Amino acid sequence: MSLRDKVRERFEEAKRAGNREEKNLLSVILGDISTAEARSGKELPEVEVEKLLRKMVESNAETVTQMKSHNRGEDPRVAVLEREIAVLKSVLPQTLDPDAIVQALLLVRSEIINAKSDGQATGVAMKHLKAQGQKAQGQDVAIAVQNIRKSQ
């Protein structure tokens with residue numbers, strides 16, 4: 001099932017359950033997908049749908065962090081944003097966290113340590129993860145690579 005189909009299915013479930021907050025969030029996502037497709041004149045590739053969702057998670061997380069840093073953690077909007085993040089993450093494909101990435105990179109650890117730069121080491125890591133069929137976010141891979149290179 002495609003990511004777009006998962007969003008549509010969750011939208012329909014939220015609608016039937018009367019969950020307005022989730023329904024509204026998923027409606028916005030479906031609208032963003034439709035807008036992007038209308039602009040390009042073709043169906044949005046799966047990877048672009050995933051980017052759109054991850055960008056929304058990142059944006060919400062940044063807003064929550066900012067609100068909490070300004071002592072507005074009790075603001076009811078923080079709880080709404082946190083629930084939205086949870087819904088979005090439940091729809092997105094699971095990715096490895098930095099600790100799991102370190103474990104997945106054990107076979108290429110020496111190549112990562114011996115790389116000339118963090119960028120080159122990250123490239124080695126991404127290539128290995130892709131070859132293994134593992135999904136990981138670039139920033140998490142960068143963190144894992146830095147951890148590996150520090151621990152040498």
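Visitor: In which helix does V87 lie?

Guide: V87 lies in helix 4. Keep in mind that this is a predicted model.

Visitor: Is V87 buried or exposed?

Guide: A residue counts as buried when its relative accessible area is under 20%. V87 has 14%, so V87 is buried.

Visitor: Which residues does V87 touch?

Guide: Setting aside residues up to four places away in sequence, V87 touches R10, E22, L25 and L26. V87 and V7 are 80 residues apart along the chain, and their C-alpha atoms are separated by 10.0 Å.

Visitor: How many residues does helix 4 have, and how far does it reach?

Guide: Helix 4 has 16 residues and reaches 23 Å from its first C-alpha to its last. That is close to the 22 Å expected at 1.5 Å a residue.

Visitor: Which residues of helix 4 are buried?

Guide: Start with the general idea. An α-helix has 3.6 residues a turn, so residues three or four places apart point the same way. In helix 4 the buried residues are V78, L81, E84, I85, V87, L88 and V91.

Visitor: What do the buried residues of helix 4 pack against?

Guide: They pack against helix 1 (3-17), helix 2 and helix 3.

Visitor: How do I describe two packed helices?

Guide: Two packed helices are described by the angle between their axes and the distance between the axes. Here, the axes of helix 2 (residues 20-40) and helix 4 (residues 76-91) cross at roughly 60 degrees and come within 11 Å. The crossing of helix 2 with helix 4 is right-handed.

Visitor: Which residues make the contact of helix 2 with helix 4?

Guide: Helix 2 contributes E21, E22, L25, L26 and I29, while helix 4 contributes V80, R83, E84, V87 and L88. These residues divide into six nonpolar, four charged and no polar.

Visitor: Now helix 3. Where is N60, and is N60 buried or exposed?

Guide: N60 is in helix 3 (residues 46-69). Its relative accessibility is 9%, so N60 counts as buried.

Visitor: What is N60 in contact with?

Guide: Leaving aside neighbours within four places in sequence, N60 is in contact with L81, E84, I85 and L88. With E84 there is also a polar contact of 2.9 Å between the side chains.

Visitor: What should I look for in the loop between helix 3 and helix 4?

Guide: Backbone angles are one thing to check. Most residues other than glycine have a negative phi, and most peptide bonds are trans. N71, found in the loop between helix 3 and helix 4, has a positive phi of about 55 degrees although it is not a glycine. N71 has 75% relative accessibility, so it counts as exposed.

Visitor: R72 lies in that loop too. Which residues does R72 touch?

Guide: R72 touches M67, R77 and V78, not counting residues up to four places away in sequence. R72 is partly exposed because its relative accessible area is 39%, which falls between the limits of 20% and 50%.

Visitor: One last case. Where is T122 found, and why does T122 count as buried?

Guide: T122 is found in helix 7 (residues 118-131). T122 is buried because its relative accessible area is 18%, and the cut-off is under 20%. Apart from residues up to four places away in sequence, T122 touches V141, A142 and V145.

Terms used. Residues are numbered from 1 along each chain as its sequence is written. This is a predicted model: local features need pLDDT of at least 70, side-chain atom pairs count only at pLDDT 80 or more; totals for chains, interfaces and linings use all residues. Side-chain values use heavy atoms; hydrogens and water are left out. Helices (H or I, at least four residues) and strands (E, at least two) are DSSP runs, numbered from the N terminus. Buried means under 20% relative accessible area, exposed over 50%, partly exposed in between (1.4 Å probe, protein chains only). A polar contact is a pair of N or O atoms within 3.5 Å; within protein, one must be able to donate a hydrogen and the other to accept it, and residues adjacent in sequence count only if both atoms are side-chain atoms. Contact means heavy atoms within 4.5 Å. Axes are lines fitted to C-alpha atoms, for helices over the stretch in contact, and angles run from 0 to 180 degrees between N-to-C directions. A crossing is left-handed if the near helix is turned anticlockwise from the far one by less than a right angle, and right-handed if clockwise. Ala, Val, Leu, Ile, Met, Phe, Trp, Tyr, Cys and Pro count as nonpolar, Asp, Glu, Lys and Arg as charged, and the others, Gly among them, as polar. The expected span of a helix is 1.5 Å times one less than its number of residues.
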